[in-house]
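Let's take a walk through a protein model together. Have a look at the sequence and the fold first, and then we'll go through the details.

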Amino acid sequence: MSPPIVFVHGGLLDESMWDGVVAALDGFDCTCIRRRTRHDNPDWAAYSYEAEYEDVARVLDEVGPPRFLVGYSSGAIVALGAAWHFGVDRLALFEPPLPVKGPVLGPHLAEAERLLAAGDVAGAVRVGLVEGVRVPPEVADRMVADPRVVAAGEAWVHEFAEIDGLPADIGRYASVECPVLLLETSETQQHHRDAVHALAGVLPDNEVVTLQGLDHGAARTAPARLAAELRRFFAG
């Protein structure tokens, strides 16, 4: 029987972001969660990280052992929280934007929420991209032109509030004792690297792998390279 892996996508994406990775992971039984951040998920309005941790735990229970879990970007925060609350056997985290050096969106959250209240979802998403993810403004402009990106915008802005509400002290994750693969890219934003290396100093059993020449979009631009690292880790 093929070992199962459960995948948690990023906040502005959906489960299809894993298509290339899953295609390269023959020999594993892959389950990709559609997070409640998506508007076509009937639970999207009842949003909190605690609810998402429980969502992941329910899927892990349904899939069955071993409990192998992968999270990408803010989905990596969800995966880490699920592992912290409910336990997993192996955990892979790709650049979780934990607020280890202070809030991620911080004072710009109020601006994003004001734009949401005015019905300007694209504008709110742009604020999150530029001030939270810290992508160049011209990249943010291209991204908000995609209706699929904007479709997740309202829940995504609420997710920034969840992120910034997390404690900067991540010492609580020291109780996650399973093997953890921490993935970063050489061209990513500094706050992603800060979070990865802060976790490396806390998690008892971890390894850090840097994917050279790639950035935060590596799951879509280089899925075979990401899949190779996941295969090595989960087959170990």
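Predicted model: local features only at pLDDT ≥ 70, side-chain atom pairs only at ≥ 80, totals over all residues.

How many salt bridges does the structure hold? There are 13 salt bridges, where a salt bridge is a side-chain nitrogen of Lys or Arg within 4 Å of a carboxyl oxygen of Asp or Glu. Residues are numbered from 1 along each chain as its sequence is written, and side-chain values use heavy atoms, with hydrogens and water left out.

Let's begin with the sheet. Strands of a sheet pair through backbone hydrogen bonds, either parallel or antiparallel. Here you'll find an open sheet of 6 strands, and its order is β2-β1-β3-β4-β5-β6, with parallel pairing. At the edges stand β2 and β6, each with a single partner strand, so one side of each has no neighbour in the sheet. From one strand to the next, the twist averages 20°. As for what counts, helices (H or I, at least four residues) and strands (E, at least two) are DSSP runs, numbered from the N terminus, and two strands pair if DSSP finds at least two bridges between them. Take β1 and β3: they run parallel and are joined by 3 bridges. If you look at V8, its bridge partner in β3 is G71.

Helix α3 (residues 74–86) lies across β1, β3 and β4 (90–94), and it runs at about 145° to β3. For such angles, axes are lines fitted to C-alpha atoms, for helices over the stretch in contact (contact means heavy atoms within 4.5 Å), and angles run from 0 to 180 degrees between N-to-C directions.

Back to the salt bridges. R34 forms one with D14, and their closest N and O atoms are 3.6 Å apart. This pair links distant parts of the chain: R34 sits in the loop between β2 (29–33) and α2 (49–63), D14 in the loop between β1 and α1, and the two are 20 residues apart. Is each of these residues buried or exposed? With a relative accessible area of 30%, R34 is partly exposed, while D14 is buried at 18%. Buried means under 20% relative accessible area, exposed over 50%, and partly exposed in between (1.4 Å probe, protein chains only). E15 joins in too: D14, E15 and R34 are linked in a network of salt bridges.

Another salt bridge connects D141 with R126, whose closest N and O atoms are 2.6 Å apart. D141 lies in helix α6 (residues 137–144) and R126 in helix α5 (residues 121–133), so this pair ties together parts that are 15 residues apart in sequence. D141 is partly exposed at 40% relative accessibility, and R126 is partly exposed at 31%.

Next up are the rings. A pair of aromatic rings is described by the distance of the centres and the angle of the planes. The structure holds 8 aromatic pairs; rings of Phe, Tyr and Trp (its six-membered ring) pair if their centres lie within 6.5 Å, and planes under 30 degrees apart count as stacked, over 60 as edge-to-face and the rest as tilted. One of them is W18 with Y72, an edge-to-face pair at 6.1 Å centre to centre, with 85° between the planes. W18 is in the loop between β1 (4–8) and α1 (19–23), and Y72 is in strand β3 (residues 68–72), 54 residues apart, which makes this a link between distant parts of the chain. Both W18 and Y72 are buried. Ring pairs also link F7, W18, Y72 and F94 into a cluster.

A second example is W156 with F160: the ring centres are 4.7 Å apart and the planes are at 65°, so this pair is edge-to-face. Both residues lie in helix α8 (residues 153–164), 4 residues apart, or about one turn of the helix. W156 and F160 are both buried.

Finally, some rings have a charge over them. That means NZ of Lys or CZ of Arg is within 6 Å of the ring centre and within 35 degrees of the ring normal. R172 lies over the face of W84, 4.2 Å from the ring centre, and R90 lies over the face of F233, at 4.9 Å.
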